[in-house]
Amino acid sequence: MAARPLRNGIKRVLDIGCGTRRFSRLLATWWAWTVIGLDPSAQMIGEARHRDLARCHYDQATGESLPIASDGFQAVFMSMAYHHLTNPLQVAQEAGRVLTDNGYLIVRTATKENLTNVPVFHYFPGA
């Protein structure tokens, strides 16, 4: 699969709840982004590292306490992890902290949430 041109200036993506790196790998290969994948499960991170790509790096961590410096990512990606969060508000705050100005928060979920209570809208009104 050939790399696509970078879109909207995105170069670095944080994948919260990366699991075994399913989407981290796609993001890194499809658009040639550098992806940092985080997951609270040591087993998941071990499997992700076992299949590592040059542009993907993995560490064990929760979304509520990101071991990442501020303003380092143009996008934060979270797929099928929202229902696992113990404190969605704290995750939204952490995502906002590590995103650059005009960064993107991409949340994919299959669970039905009360949209008036989703903290993402407090920090990202454009969502």
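**Aromatic rings**

Modeller: Trp-30, Trp-31 and Trp-33 are linked into a cluster by ring pairs, a pair being two rings of Phe, Tyr or Trp (its six-membered ring) with centres within 6.5 Å, called stacked when the planes are under 30 degrees apart, edge-to-face when over 60, and tilted for the rest. The model is predicted, so local features need pLDDT of at least 70 and side-chain atom pairs count only at pLDDT 80 or more, whereas totals for chains, interfaces and linings use all residues. Residues are numbered from 1 along each chain as its sequence is written, and side-chain values use heavy atoms, with hydrogens and water left out.

By the ring rule there are 3 aromatic pairs. In one of them, Phe-23 and Phe-77 have ring centres 5.6 Å apart and planes at 55°, so this pair is tilted. Because Phe-23 belongs to helix α1 (residues 22-31) and Phe-77 to strand β4, the pair ties together parts that are 54 residues apart in sequence. Phe-23, at 22% relative accessibility, counts as partly exposed, while Phe-77, at 9%, counts as buried; buried means under 20% relative accessible area and exposed over 50%, with partly exposed in between (1.4 Å probe, protein chains only).

Returning to the tryptophans, Trp-30 and Trp-31 make an edge-to-face pair, with 6.4 Å from centre to centre and 90° between the planes, and Trp-30 is partly exposed at a relative accessible area of 28%. Finally, Arg-12 lies over the face of Phe-73, at 4.3 Å from the ring centre.

Terms used. Helix = DSSP H or I, 4+ residues; strand = E, 2+ residues; numbered from the N terminus. Lys NZ or Arg CZ within 6 Å of the ring centre and 35° of its normal.
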